[in-house]
Amino acid sequence: MHAHPRPAGPTAKPARRARRLAGPLALALPALLVACTADRPVARPTPTSTPAPAGLDAARDELAALAAAAQDRHLIASYTLRAPGSPDRTVLVTSANDGSWRVDVPGGALGGTADVSFAATADGLFQCALPSAARPEPAACVRLGDPDEAVPRRLDPRVQHPFTDWLDVLTDRRAPLAVSPAQPPPGASGACYSVETTSASINAPLDVGIYCYGPDGTPTAVRTAFGTLILAGTPAPAPATVQLAGPVVDAEPLGTATPEPTAEPTVSPSAGTF
């Protein structure tokens, strides 16, 4: 007996229909995937800031630590000030145990012809005119403002800043500074750093230059636009507080500019003379 093939039933028809649909779908799917991929936004890489070189970061940290030690270093120290076109002068710096300070600057006023002292005590910020060959009057002081106020620009020889408010800038990691190791100026010792400002502001937080410190935070040298300060000798112990150079008076402080020459009086002939 021969077996007869079974007629295709209802189950076989859907299968054939599925095979007929599979061909067109197989061709359409890649095109659909390409279209979807083209419409999808391309993820862009997130920009990252370029890290500072490790050596510069280390120099910034070292300088901040030394400046912090300088803030806690109380002493009496003499510095030789060398500036182009001027003879060497001796600047006396006093940082007292109570936080008051005083910096005596020979030739710091009237175009280099008058000696002055700047001091900050609990009573305020003062400029004192010191006796000198060009100005033999007794010392007298003028109050400029509160202890934490800035010296007005027209009065400012800038020599006192490395021992006072610029230390705050050097310890502030948010200050716009670029720091790198530097060679000491001739005659100087200690660890030295070149400091640049990275801000375009005309009111820079400090003067660019070279700043040097001993291991205990003693400032040993500074080189900026006003000249070069070099530590002279061994610092002495600090006093309990600073004393002003003279009494406080009601007078005008001395500016840094050279005074205008006084005009000679003109003698006119008297009436009736020929």
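**Exercise 1. Determine which helix gives the largest share of the lining of the largest pocket, and describe that lining.**

Solution. Step 1: helix 3 contributes the largest share of the lining, three residues. Helices (H or I, at least four residues) and strands (E, at least two) are DSSP runs numbered from the N terminus. The model is predicted: local features need pLDDT of at least 70, side-chain atom pairs count only at pLDDT 80 or more, and totals for chains, interfaces and linings use all residues. Residues are numbered from 1 along each chain as its sequence is written, and side-chain values use heavy atoms, with hydrogens and water left out.

Step 2: helix 2 (54-71), strand 1 (75-82), strand 2 (89-95) and helix 3 (165-171) each supply at least two lining residues.

Step 3: the lining comprises 27 residues, and G99, W101, F163, T164 and D165 lie nearest the pocket centre. On a 1 Å grid over the protein atoms alone, a pocket is an open set of points where a 1.4 Å probe fits, with protein on both sides within 12 Å along at least five of seven lines; lining residues have an atom within 4 Å of a point.

Step 4: by class, 14 lining residues are nonpolar, eight polar and five charged. Here Ala, Val, Leu, Ile, Met, Phe, Trp, Tyr, Cys and Pro count as nonpolar, Asp, Glu, Lys and Arg as charged, and the others, Gly among them, as polar.

Step 5: the space in this pocket is about 520 Å³, a volume being the space filled by probe spheres set on grid points joined across faces, edges and corners.

**Exercise 2. Locate the two disulfides and state the handedness of each.**

Solution. Step 1: a disulfide is a pair of cysteine sulfur atoms within 2.5 Å. C128 is joined to C141, with an S to S distance of 2.0 Å. This pair connects strand 5 (residues 124-130) with strand 6 (residues 140-145), its cysteines lying 13 residues apart.

Step 2: the S-S torsion of C128 and C141 is about 105°, so this disulfide is right-handed. Both cysteines are buried, that is, under 20% relative accessible area (1.4 Å probe, protein chains only).

Step 3: C192 is joined to C212, also at an S to S distance of 2.0 Å. C192 belongs to strand 8 (residues 191-197) and C212 to strand 9 (residues 209-213), 20 residues apart.

Step 4: the torsion for C192 and C212 is about 110°, so this bond too is right-handed. C192 is buried at a relative accessible area of 5%, and C212 is buried at 0%.

Step 5: with the bonded cysteines numbered in sequence order, the pairing reads 1-2, 3-4.

Conventions: Buried means under 20% relative accessible area, exposed over 50%, partly exposed in between (1.4 Å probe, protein chains only).
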